[in-house]
Each structure stands twice: as C-alpha cells, then as structure tokens.
Amino acid sequence: MSDTNDAKEQARRGVADAADELIDVSRRIHANPELAMEERQAAALLSERLEAHGFQVERNACGLETAFRASWGEGPVTIAYLCEYDALPEIGHACGHNLIATAGLGAAYGLKAALSPSQVRLLVLGTPAEEGLNGKIIMLERGAFEGVDVALMAHPSPADVDMPPMYGLAQVEVEYGGQAAHASFAPEMGINALDGLVTAYQAIAQLRQHIRRDSRIHGIITDGGSAPNVVPERAAGTFYVRALQPPYLEELKEKVHRCFEAGAVASGATVDIRWGPYTCAPMRSNRALAAAYRANAESVGRTFIDVRLDSTASSDMGNVSQAMPSIHPMFGVGAMAFNHTPAFTDVCATEAAHASMVQVAQALAMTGVDVVLDPDLLQRAKDEFASGGGYP
Ligand SMILES: [Zn+2]
Ligand SMILES: [Zn+2]
C-alpha cells in the first residue's frame with residue numbers, strides 16, 4: 001500500500017510540475033475554438049506536446065483527420081485517458097473542452113511520472129467531435145479502444161459530481177416536400193411543406209406532455225420557406241430525442257417518427273425522415289472506478305455534491321462506457337455558470353477553472369495508479385462491468 005501511496009504522490013507531483021504547460025495549452029485551445037471534426041490546431045498541439053513528453057503518437061487515428069492515439073509503455077494493464085477539444089458554433093468553448101483536453105494530457109503526464117513502462121500501457125486518445133458528430137463512437141467501431149482495460153475522462157460543469165447520469169441520444173433530420181405556388185394569386189395550387197413541419201412540431205409539443213421525466217425531445221426548424229408570398233415547397237428541421245433507458249429511447253423514436261408522418265398526412269406534403277447513423281448510449285459509470293476517482297479528487301481538494309440529478313445531457317462517452325469500465329465525472333470550474341452559454345465560455349479560461357483542471361488531472365492520474373497497482377480495484381471494476389452493473 002505504501003508503494004501505491006508513493007506512486008500516487010509522484011503522479012500528483014508530475015502533474016503539478018507540468019501545470020504551467022497544461023494551462024498554456026488550455027488557453028491556446030480556448031482562444032482558438034474549432035468546430036467538431038475541424039479541430040486541426042488542437043489535435044496538432046496535443047500531439048506535439050505528447051511527443052515531446054516521450055509518447056508515440058499516431059495522428060489521423062482511425063481515418064479521422066483530427067483524432068490521435070498516443071501511447072507509452074507495454075505493461076499488462078491498459079489505461080486510456082480521453083481528450084475532447086471541439087467547440088460550439090458562435091459561442092466557442094462553452095462546454096470547456098479545452099479543460100477536458102488538458103486534464104487528460106496532465107493525467108497522462110502524471111501517470112507516466114509515477115510508473116515504469118513495464119507496469120502500464122498508457123494511451124491518450126484524442127477524440128474529436130463530441131458535440132454532435134460522435135467521434136468516440138467512430139473510434140470505437142474502428143478499433144481505437146482495443147485492449148483498453150479502463151477509460152477515464154472528466155468534464156467541466158458547475159460542480160463536482162462523481163457519477164453524472166447521461167441520456168441516450170438519437171438525432172433526426174426531417175424534410176417536407178410540397179408544391180410552390182403564389183400564396184395570394186393561386187394558394188389552392190400549393191402544397192405547404194412548412195405546414196407539414198409545423199403540424200409535426202405541434203404534435204411533438206403535445207407528446208412532450210406525456211413522456212417520462214427521464215427523457216427529452218427538442219428541435220429547431222432549419223428551413224421554413226423562401227418568401228411569405230410563396231407557398232413553401234421545402235421545409236426542414238433537426239430534432240434530438242433523449243432517454244436514460246435504451247428501450248424507452250426506441251419507443252420515443254417511434255412516437256416522434258409518427259408525429260412527422262402526421263404532418264405529412266395533414267398537409268399533403270411528402271416527408272423524408274432520416275435518423276442519424278449513430279445513437280449515443282446512456283452513460284454507465286463504473287462505481288468502483290468512480291469511488292477511487294472521488295477519493296483521489298477529495299485528497300487533492302475537490303468537494304463533491306450528492307444531489308440526485310433530475311436533468312442531464314448526453315455524450316458519446318456513453319458508448320465507451322457500454323464497451324468497457326469507464327468514468328465521466330463532472331468537475332466545477334469555480335463559478336456558477338452553465339455549459340453551452342457564453343458565460344461558461346468565459347469561465348473556462350479563468351485561473352479558477354485552470355486550478356480545477358490541474359487538480360482533476362492529478363485525481364485522474366492517481367486513479368490510474370490505483371488501477372495498475374491495486375489488482376483488486378481492476379478486478380472489481382471488471383466484475384461490475386461484466387455483471388451489467390454501473391450507475392445509473
Ligand atoms: Zn457540450
Ligand atoms: Zn461537453
């Protein structure tokens with residue numbers, strides 16, 4: 001046990017020694033927000049840093065231009081730290097992925113400082129496009145996670161939560177096709193595609209009154225016609241359907257599908273309903289790993305809240321968590337702001353946010369030490385996973 005404690009102290013110090021570098025990388029990613037699958041500078045910067053620290057880096061991993069896979073060591077236990085680095089349109093790093101990237105980077109530095117290459121196979125996976133395009137699901141399919149024993153990451157949020165639930169998520173594009181006509185001179189000649197979409201939108205709004213509390217439906221109209229005096233011949237929208245339970249997600253998808261069809265029946269327009277190629281699975285947090293993370297995080301000064309969350313988001317990390325023991329804890333950034341708002345963008349470049357990121361990198365590194373040096377922890381994590389356990 002004292003070996004473990006010594007190694008954890010080395011991991012903690014390894015991160016602290018690199019703090020200035022981690023904060024510099026975070027600031028540079030934050031100052032140059034890049035959208036999903038376009039994160040060229042962030043991926044290049046992280047790859048270059050990992051190489052400078054002695055990792056072997058495979059760029060363009062899995063055929064994705066902005067993915068990478070860095071590795072060090074050939075030990076019997078494989079630990080993967082995941083880095084996200086995509087931003088949102090218009091509001092930049094409003095989900096704080098600059099802090100995820102550097103928490104993962106710092107965790108890797110810390111674990112490398114604490115162990116020998118014969119003890120661990122350490123991977124750092126650069127996973128692009130968390131916001132909407134599901135980089136992790138593609139990388140899972142293409143084998144980037146092969147042989148990984150545990151996958152670890154942490155996400156900024158208003159507060160520290162060890163096992164945040166995450167909804168499963170399906171995306172759908174819908175397009176109605178009508179018949180253009182002069183809206184005053186010959187309206188009877190037209191078929192109004194926008195009417196089809198508005199009817200569907202209203203039907204979904206009615207459905208929303210009667211769905212389970214652990215689910216969500218929301219969407220936008222992306223095309224509502226070209227001019228008020230032309231009967232719209234095209235209308236289009238994008239919707240998300242979310243649920244904590246996979247069978248209920250399938251049930252909701254069918255109901256939403258019928259709402260879209262109802263719009264077509266009512267308006268006479270044609271409808272094309274295209275469900276996205278990927279479905280985010282709900283997060284299944286490994287309790288054994290989450291408990292180890294929490295203890296380590298508390299030991300470096302983090303404080304967790306234990307309220308049961310009634311509302312949440314989604315992530316492609318959910319799919320990783322269904323494939324191997326995983327954690328996706330949330331960490332506070334030192335101010336009360338919510339993800340996906342301009343206020344959160346500002347918060348994610350502050351000194352307080354960076355102090356949190358460094359502590360979280362330490363906790364992730366120390367959890368990696370636990371996984372490698374405490375065979376009982378890895379066994380418990382694996383047993384829990386194999387038995388279908390996890391939270392929620
Ligand atoms: Zn986000
Ligand atoms: Zn995010």
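Predicted model: local features only at pLDDT ≥ 70, side-chain atom pairs only at ≥ 80, totals over all residues.
## A walk from the sheet to the zinc site

Start at Phe 68, which sits opposite Gly 126 in strand E4. Residues are numbered from 1 along each chain as its sequence is written, chains are lettered from A and ligands numbered from 1 in the order in which they are written, and side-chain values use heavy atoms, with hydrogens and water left out.

Back to the strands. E2 (residues 68–72) and E4 (residues 120–126) pair in the antiparallel sense over 5 bridges; two strands count as paired if DSSP finds at least two bridges between them. Further along, Ala 70 faces Val 124 in E4. With E3, E4 pairs in the parallel sense, over 7 bridges, and there Thr 78 stands opposite Arg 121 in E4. Strands of a sheet can pair either way, through backbone hydrogen bonds.

Zoom out and you get an open sheet of 6 strands in the order E1-E2-E4-E3-E5-E11, with mixed pairing. Its edges are E1 (56–59) and E11 (326–327), each of which pairs on one side only. E4 is mostly covered, with 6 of its 7 residues buried; buried means under 20% relative accessible area, exposed over 50%, and partly exposed in between (1.4 Å probe, protein chains only).

How do you get from E3 to E4? Through H4, and the three make a right-handed β-α-β unit. Right-handed means that, with the strands pointing away from you, the path from the first strand over the helix to the second runs clockwise.

H11 (residues 351–373) lies across E3, E4, E5 (150–152) and E11, and runs at about 160 degrees to E3. The axes are lines fitted to C-alpha atoms, for helices over the stretch in contact, with angles from 0 to 180 degrees between N-to-C directions. Down in H1 (residues 2–17) you'll find Thr 4, which is buried at 6% relative accessible area. Leaving aside residues up to four places away in sequence, Thr 4 touches Val 369, Asp 370 and Leu 373, a contact being heavy atoms within 4.5 Å.

Next, the metal. Which residues hold the zinc ion (ligand 2)? The protein donors are Cys 95 (SG), His 97 (NE2) and His 155 (NE2), at 2.1 to 2.3 Å from the ion, spaced C-x1-H-x57-H in sequence. Cys 95 lies in the loop between E3 (77–83) and H4 (97–114), and His 155 is in E6 (residues 155–157), so the pair ties together parts that are 60 residues apart in sequence. Donors are N, O and S atoms within 2.8 Å of the metal (3.2 Å for Na, K and Ca), and water is not among the atoms, so sites may look incomplete. The zinc ion (ligand 1) is 3.0 Å from the zinc ion (ligand 2), and Cys 95 coordinates both. Cys 95 is buried, at 9% relative accessible area, and His 155 is buried too, at 5%.

Finally, the whole chain: 12 helices and 12 strands. Of the 392 residues, 55% count as buried. Among contacts with a separation of 6 or more, 80% are between residues 24 or more positions apart. The C-alpha trace spans about 85 × 40 × 40 Å along its principal axes.

Methods
Helix = DSSP H or I, 4+ residues; strand = E, 2+ residues; numbered from the N terminus.
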